[in-house]
Amino acid sequence: MEGKEEDVRLGANKFSERQPIGTAAQGGGDDKDYKEPPPAPLFEPGELKSWSFYRAGIAEFVATFLFLYITILTVMGVSKSNSKCATVGIQGIAWSFGGMIFALVYCTAGISGGHINPAVTFGLFLARKLSLTRAVFYIVMQCLGAICGAGVVKGFQQGLYMGNGGGANVVAPGYTKGSGLGAEIIGTFVLVYTVFSATDAKRNARDSHVPILAPLPIGFAVFLVHLATIPITGTGINPARSLGAAIIYNREHAWSHHWIFWVGPFIGAALAAIYHQVIIRAIPFKRRS
């Protein structure tokens with residue numbers, strides 16, 4: 001009862017429950033303080049006539065461009081130094097990726113949802129958070145933004161870029177392709193599960209007075225995954241990031257393992273979507289009327 005009074009004090013009770021299914025059904029239905037959003041249609045032709053649709057795609061392009069630009073520059077800065085003590089090191093690279101995701105999700109969440117990652121978009125699509133039309137558009141714009149971001153880095157310092165791997169993701173020597181695939185699956189699962197949890201309708205209703213909460217754990221998840229998997233794969237968990245660096249670097253070894261950085265993140269995203277929607281929230285993908 002005390003928790004309910006706290007929710008009322010914060011104004012969270014203005015979110016009424018739409019359907020008493022899943023976790024909502026466990027508490028009696030009408031007294032819930034959040035509203036489950038309806039599932040997005042598979043196809044939404046009307047979106048193609050809306051400026052907000054294209055604005056969201058542009059936001060994804062710009063965010064992914066900035067993400068690749070800052071993070072690949074950081075990787076190049078670490079790679080060019082003979083002494084790792086003179087650079088930010090692996091921890092700095094991890095902070096660069098996590099910090100940029102935190103900042104960019106905060107900036108673009110209200111416009112496009114702040115995906116900046118095809119795996120995140122794919123996971124949210126499986127959970128019917130967006131239409132197939134929007135998901136495909138986002139993924140295309142994310143990949144284009146990543147290519148442009150890596151291209152600008154190469155344009156600034158081509159010799160350094162080409163001589164230090166171009167930030168391309170590869171499975172490190174001493175690890176098998178299976179190990180790399182597993183690292184990408186688990187790393188992406190952590191990220192996408194965090195995205196689902198941070199943007200959950202129930203959590204949003206109760207934490208709406210602290211709008212910075214969603215970008216913070218998402219960025220921190222990216223930081224932690226990078227700390228763990230940079231030594232294994234350089235950390236992909238974002239197919240657009242891997243594709244952009246591979247296209248601009250364009251050396252054979254950057255492509256030999258490239259499939260891992262699409263298959264792994266998409267499997268991890270699918271598992272996270274199933275786990276959160278079906279196990280945690282008990283919300284079936286096809287909702288009952």
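The model is predicted. Helix H12 runs over residues 260-280. Threonine 108 sits in helix H3, and tyrosine 54 belongs to helix H2.

**Helix H12**
- H12 has 21 residues, so at 1.5 Å a residue it should span 30 Å.
- The C-alpha atoms at its ends lie 28 Å apart, which agrees with that expectation.
- The buried residues of H12 are Ile260, Phe261, Gly264, Pro265, Gly268, Ala269, Ala270, Ala272, Ala273, His276 and Gln277.
- These buried residues pack against four helices: H4 (118-126), H7 (177-198), H9 (215-233) and H10 (239-249).
- Alanine 282 follows H12 and has a positive phi, near 55 degrees.

**Threonine 108**
- Helix H3 covers residues 89-108 and includes threonine 108.
- Threonine 108 has 8% relative accessibility and therefore counts as buried, the cut-off being under 20%.
- A polar atom of the threonine 108 side chain lies 2.7 Å from the backbone oxygen of leucine 104.
- Leaving aside residues up to four places away in sequence, threonine 108 touches Ala59, Ala63, Gly113, Gly114 and Ile116.

**Nonpolar surface patch**
- Leu48, Trp51, Tyr54, Ile58, Val62 and Leu66 make a nonpolar surface patch of about 550 Å².
- Tyrosine 54, one of the patch residues, is placed in helix H2, residues 51-79.
- Tyrosine 54 counts as partly exposed because its relative accessibility is 33%, between the 20% and 50% cut-offs.

Methods:
Residues are numbered from 1 along each chain as its sequence is written. This is a predicted model: local features need pLDDT of at least 70, side-chain atom pairs count only at pLDDT 80 or more; totals for chains, interfaces and linings use all residues. Side-chain values use heavy atoms; hydrogens and water are left out. Helices (H or I, at least four residues) and strands (E, at least two) are DSSP runs, numbered from the N terminus. The expected span of a helix is 1.5 Å times one less than its number of residues. Buried means under 20% relative accessible area, exposed over 50%, partly exposed in between (1.4 Å probe, protein chains only). Contact means heavy atoms within 4.5 Å. A polar contact is a pair of N or O atoms within 3.5 Å; within protein, one must be able to donate a hydrogen and the other to accept it, and residues adjacent in sequence count only if both atoms are side-chain atoms. Patches are made of residues with over 30% relative accessible area and no salt bridge: like charges are joined within 9 Å, nonpolar side chains (Val, Leu, Ile, Met, Phe, Trp, Tyr) within 5 Å. Accessible areas come from the Shrake-Rupley method with a 1.4 Å probe; for residues, only the protein chains shown count as cover. A salt bridge is a side-chain nitrogen of Lys or Arg within 4 Å of a carboxyl oxygen of Asp or Glu.
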